[in-house]
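Let's walk through this protein together, one question at a time. Have the structure open while you read.

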Amino acid sequence: MILSCQNISKAFNEKSILKNVSFHIEDYDKAAIVGINGAGKTTLLKIIVGDMAADEGIVTLSKEKTFGYLAQHQSVNSDHTIYEELLTVKQDLIALESRIRQAELEMKTAAGPALERIMESYAQMTHRFETDGGYTYRSELTGVLKGLGFTEEEFDKSVSALSGGQKTRVALGKLLLSKPHLIMLDEPTNHLDMSSITWLETYLMNYKGAVIIVSHDRYFLDRIANKVIEIDQTKATVFTGNYSDYAAKKEQLRAAQLKAYMNQQQEIKHQEEVIAKLKSFNREKSIKRAESREKLLSKVERLEKPTQARTDMHITLEPRYASGNDVLCVENLSKSFGDLRLFQKIGFDIKKGEHVAIIGDNGTGKTTILKIINGLVSADSGTLRLGTNVHIGYYDQEHHVLHMEKTLFEEISDEYPAMNNTEIRSTLAAFLFTGEDVFKRIGDLSGGERGRVSLAKLMLSESNFLILDEPTNHLDIASKEILEDALNHYTGTVLYVSHDRYFINRTAGRILELSGRTLTNYLGNYDYYTEKKMQLAETAAADTSGTSPVPAGSAEESAAKISWKEQKELQAKQRKRENDLKKTESRIEELEKRDADIDAQMARPDVCRDVAKLQELTKEKEGIAAELEELMERWEVLESEG
């Protein structure tokens with residue numbers, strides 16, 4: 001065991017945040033701490049590392065064990081370059097290497113016992129240098145920097161000139177290179193793009209030490225965690241397995257707790273009714289029996305009602321009008337900012353009802369595409385056409401659609417003047433703004449609160465084409481799941497940018513990857529995308545191992561073209577199946593209606609006496625029956641292909 005937390009309690013202004021929290025971490029555990037925003041996850045980490053004192057309880061870290069901690073907003077202040085800053089972690093090795101070089105110089109001139117002493121020291125130093133990674137630390141450092149999204153051109157950038165997010169990545173790199181026995185990370189994926197998150201996952205999965213992570217990235221937790229510590233209503237519960245295992249067990253546990261609570265409430269109600277009935281008899285014996293039951297009832301330990309699963313925020317997304325089948329057509333779209341070319345001659349179509357995610361590394365131009373579609377940024381070239389009766393609802397991650405000087409109430413009432421006060425308050429309450437909260441200024445809200453206001457406006461818009469830019473940013477896991485359910489029930493069309501892979505996996509039916517200034521289409525969710533990428537990488541690797549050399553970039557371009565062609569063929573095949581299915585269903589309905597008409601005709605007295613007419617109708621019924629049988633078989637085949 002590397003860490004033990006026993007009965008940790010903490011309160012702020014008499015409000016209890018943590019109460020008797022206990023758990024332990026084994027030497028190679030990969031543990032996740034989860035809970036809603038404000039549950040006390042970061043507070044718990046700060047208590048463990050000693051940045052904050054607990055009101056009660058004991059934190060015990062095993063002797064001779066080291067730990068490293070990365071806070072959510074950790075900045076590095078230094079005049080070093082990025083590369084030099086990470087080298088500071090390896091100062092012991094650098095100093096040892098210097099002593100080895102010095103010993104080599106001394107051996108050239110030394111003789112006799114002095115030479116023997118130097119050689120013995122030299123052997124010890126070189127052995128330690130090798131075992132501590134002296135021959136690999138520079139390549140390891142380069143690998144960490146590249147893994148965290150820094151290019152070689154950026155290695156010489158001054159740390160002082162970096163953004164807050166970049167400084168946090170430098171701090172994360174230093175922490176990983178220091179290799180403590182226990183790594184503690186608070187929201188480590190916030191400043192990483194998808195490829196860097198994937199790299200960090202692999203690094204932590206293979207890390208020969210313990211890891212504790214606070215994160216809202218459920219895909220990340222699914223891949224890494226073997227233990228989940230949930231903070232809920234000040235208490236901690238430990239679950240074995242990854243996030244998905246935890247979510248399933250949590251739901252089972254909540255259902256069992258709710259059942260026990262409801263049973264107890266039913267029994268309490270029954271006992272209270274019996275007591276009231278006994279008292280109503282107004283006899284000495286019955287009153288004594290009532291008092292006896294009251295005494296027993298008062299000693300019953302009342303169960304608390306378990307928290308309901310994701311019932312806080314309420315989102316209902318539904319379009320007011322249906323759009324045409326063709327929602328958006330983009331052709332030959334290009335955009336550059338100065339010398340920075342983001343994308344060139346990209347094109348894609350979006351059909352009614354599709355849920356499409358745009359993914360890619362930071363800075364590739366994903367948000368720019370959304371802004372061009374919304375008319376906020378102009379394209380350098382290319383065309384963009386919206387379909388018939390398309391009404392856009394836009395969710396902007398920077399919340400430019402909100403007015404910072406207005407109150408929450410004014411933000412809704414000005415946009416929707418037909419709503420009365422009660423309706424506005426009810427809408428805001430559905431997004432957790434109650435009482436005097438509705439008179440707060442938008443500019444004074446946190447990022448998560450602004451996100452909820454933007455979602456409220458999106459819901460009220462009743463648009464049939466939702467364009468969302470990082471909609472899960474600043475949302476806790478419960479709120480993300482509520483939004484996922486709302487989008488999955490939404491009958492309109494959705495196009496969004498997100499780096500939340502779990503969210504993409506649950507809500508996207510198609511993925512557009514923006515990479516190398518072009519788009520590649522994948523007809524499926526995130527799991528399908530990763531599987532397809534792996535296949536394409538293997539194909540490219542097999543091609544490059546052949547006898548003829550492959551020019552730089554051609555394998556990737558070829559794979560992209562193959563993938564695009566495959567996806568277009570799949571889409572065409574799917575559309576044909578859907579059309580055939582509709583035609584088949586329509587023909588079945590038509591024949592069944594005709595068959596019913598024939599039955600009605602044959603029941604008429606005038607037709608019953610007309611033998612020739614009866615024979616004609618009977619023959620038609622036989623033909624309908626035969627065709628219906630064929631159509632039913634065809635319908636089953638088409639349905640099974642879906």
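Q: Which strands and helices do the buried residues of H6 pack against?

A: Keep in mind that this is a predicted model. H6 is mostly covered, with twelve of its 15 residues buried; among them are Val 170, Leu 172 and Leu 176. The partners of these buried residues are strand E5 (67–70), helix H2 (82–87), helix H5 (137–147), strand E6 (182–186) and helix H7 (194–205).

Q: How far apart are the end C-alpha atoms of H6?

A: H6 has 15 residues, and at 1.5 Å a residue they should span 21 Å. The model agrees with that, so the distance between the end C-alpha atoms is 21 Å.

Q: Which helix gives the largest share of the lining of the largest cavity?

A: The structure holds two cavities of 30 Å³ or more, and the largest has about 50 Å³ of space. Its lining includes Thr 168, Arg 169 and Leu 172, along with Leu 70, Asp 186 and His 191. By class, the lining has five nonpolar, three polar and three charged residues. The largest share, three residues, comes from helix H6 (residues 164–178).

Q: Which residues does Ile 315 touch, leaving out those up to four places away in sequence?

A: Start with the largest nonpolar core, which has 97 residues. Ile 315 is listed there with Leu 204, Phe 431, Leu 455 and Ile 504 as having the most contacts inside that core. Its own partners are Phe 431, Leu 455, Met 459, Ile 482, Leu 483 and Ala 486.

Q: How many residues does the second, separate core have?

A: This core includes Ile 25, Ile 33, Ile 48 and Ile 231. Its count is 25 residues.

Q: How far does helix H15 reach from its first C-alpha to its last?

A: H15 (residues 477–489) has 13 residues, and 18 Å is expected at 1.5 Å a residue. Its buried residues include Ile 482, Leu 483 and Ala 486.

Q: Is Ile 287 buried or partly exposed?

A: Ile 287 lies in helix H10 (residues 284–298). Leaving aside neighbours within four places in sequence, Ile 287 is in contact with Leu 278 and Asn 282. Buried means under 20% relative accessible area. Ile 287 has 28%, so the label is partly exposed.

Q: Is Gln 601 buried or exposed?

A: Gln 601 is in helix H18 (residues 554–602). Among the residues in contact with Gln 601 are Arg 594 and Leu 617. The relative accessibility of Gln 601 is 18%, so Gln 601 counts as buried.

Q: What is the phi of Thr 234, roughly?

A: Thr 234 is in the loop between strand E8 (227–232) and strand E9 (235–240). At 16% relative accessibility, Thr 234 counts as buried. Although Thr 234 is not a glycine, its phi is positive, at about 75 degrees.

Q: Where does Leu 432 lie?

A: Leu 432 is a residue other than glycine with a positive phi, near 75 degrees. It is partly exposed, with a relative accessible area of 35%. Its place is the loop between helix H13 (421–430) and helix H14 (447–461).

Conventions
Residues numbered from 1 in each chain as written. Predicted model: local features only at pLDDT ≥ 70, side-chain atom pairs only at ≥ 80, totals over all residues. Heavy atoms only, no water. 1 Å grid on protein atoms, 1.4 Å probe; cavity = no way out; pocket = protein on both sides within 12 Å on 5 of 7 lines; lining within 4 Å. Points joined across faces, edges and corners; volume = space filled by probe spheres on them. Helix = DSSP H or I, 4+ residues; strand = E, 2+ residues; numbered from the N terminus. Nonpolar A, V, L, I, M, F, W, Y, C, P; charged D, E, K, R; others polar. Core = buried A, V, L, I, M, F, W, Y, C linked by side-chain atoms within 4.5 Å. Buried < 20%, exposed > 50% of the residue type's maximum accessible area, 1.4 Å probe, protein only. Contact = heavy atoms within 4.5 Å. Expected span 1.5 Å × (residues − 1).
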